[in-house]
Amino acid sequence: MKVEQRLWSPDYGWQPGLNEPSLGKAAQLVLLFGSAEQVRESGCLDQVRKAYPEAHVIGCTTSGLIHDTRVIDGSITLTAVAFEHTRVALARVRIEGIDDSLPAGERLAGALEREGLR
C-alpha cells in the first residue's frame, strides 16, 4: 500500500502541489476532509479528480481537521491510497429515515459485487 497526504490552504494552495510526482492514476481511493463551503469555493475537488483520475473520491465535512500531527482550521486535507493487491469498489444508497436503516444496509450490501469481496 502506498499513501500520500496533501494539504490545501487559501494562502498556499496544495502543499505539496498536485503537479508534483504523486500516485496519480495508481491511486484507487482519495479521502478528502474540509468544510463544504471551502471545497466548493476553492475548486479543489476538480483539481483532485484531475490529479487522481482513477480514484474513488469520498469525503466528509469538518469544522477542524487533522493533518499529519496538527489540528488545523480553514484548510482541506486529502489522503490518497494505492493498494497493491486490493480492488476498491464504491456503493451508496439513500436512507429515507430511521426505519429505513436496515433495508438501506441490505440494499447497500446487494449493490456490491460478491466476487472477490473481502
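This is a predicted model: local features need pLDDT of at least 70, side-chain atom pairs count only at pLDDT 80 or more; totals for chains, interfaces and linings use all residues.

Reader: OK. Which residues touch the most other members of the largest nonpolar core?

Author: Trp14, Val30, Val48, Tyr52, Ile76, Leu78 and Ala80, out of 18 residues in that core. A nonpolar core here is a set of buried Ala, Val, Leu, Ile, Met, Phe, Trp, Tyr and Cys residues joined through side-chain atoms within 4.5 Å. Buried means under 20% relative accessible area, exposed means over 50%, and partly exposed is in between (1.4 Å probe, protein chains only).

Reader: Which helices and strands supply at least two residues each?

Author: Strand S3 (29–34), helix H2 (44–51) and strand S7 (76–82) do. S7 gives the most, with four residues. The labels are DSSP runs numbered from the N terminus: helices are H or I with at least four residues, strands are E with at least two.

Reader: What is valine 48 in contact with?

Author: Trp14, Leu18, Val30, Leu32, Val57 and Leu78, leaving aside neighbours within four places in sequence. Contact means heavy atoms within 4.5 Å.

Reader: Back to S7. How many of its residues are buried?

Author: Seven of its seven. Ile76, Leu78, Ala80 and Ala82 point one way, and Thr77, Thr79 and Val81 the other way. In a regular strand the side chains alternate between the two faces of the sheet.

Reader: Which strands pair with S7?

Author: S1 (residues 2–9) runs antiparallel to S7, joined by seven bridges, and S3 pairs with S7 in the antiparallel sense over five bridges. Two strands count as paired if DSSP finds at least two bridges between them. In the S1 pairing, lysine 2 stands opposite alanine 82. Valine 30 stands opposite alanine 80, and leucine 32 opposite leucine 78.

Reader: What else does S3 pair with?

Author: Strand S4 (residues 56–61), in the parallel sense over six bridges. There, valine 30 stands opposite valine 57.

Reader: And alanine 82, what does it touch?

Author: Met1, Lys2, Leu23, Ala26, Ala27 and Gln28, not counting residues up to four places away in sequence. Alanine 82 and methionine 1 are 81 residues apart in sequence and 5.7 Å apart in space, C-alpha to C-alpha. Why is alanine 82 called buried? Because its relative accessibility is 7%.

Reader: Switching topic. How many salt bridges are there?

Author: Two. A salt bridge is a side-chain nitrogen of Lys or Arg within 4 Å of a carboxyl oxygen of Asp or Glu. Arginine 6 forms one with glutamate 4, the closest N and O atoms being 3.4 Å apart. Arginine 107 forms one with aspartate 100, at 3.0 Å between the closest N and O atoms.

Reader: Is arginine 6 buried or exposed?

Author: Arginine 6 is buried, at 2% relative accessible area, and glutamate 4 is buried too, at 13%. In the other pair, arginine 107 is partly exposed at 38%, while aspartate 100 is buried at 15%.

Reader: Last one: where does isoleucine 95 lie?

Author: In the loop between S7 and helix H3 (101–111). Isoleucine 95 is exposed, because its relative accessible area is 51%.

Note on methods:
Residues are numbered from 1 along each chain as its sequence is written. Side-chain values use heavy atoms; hydrogens and water are left out.
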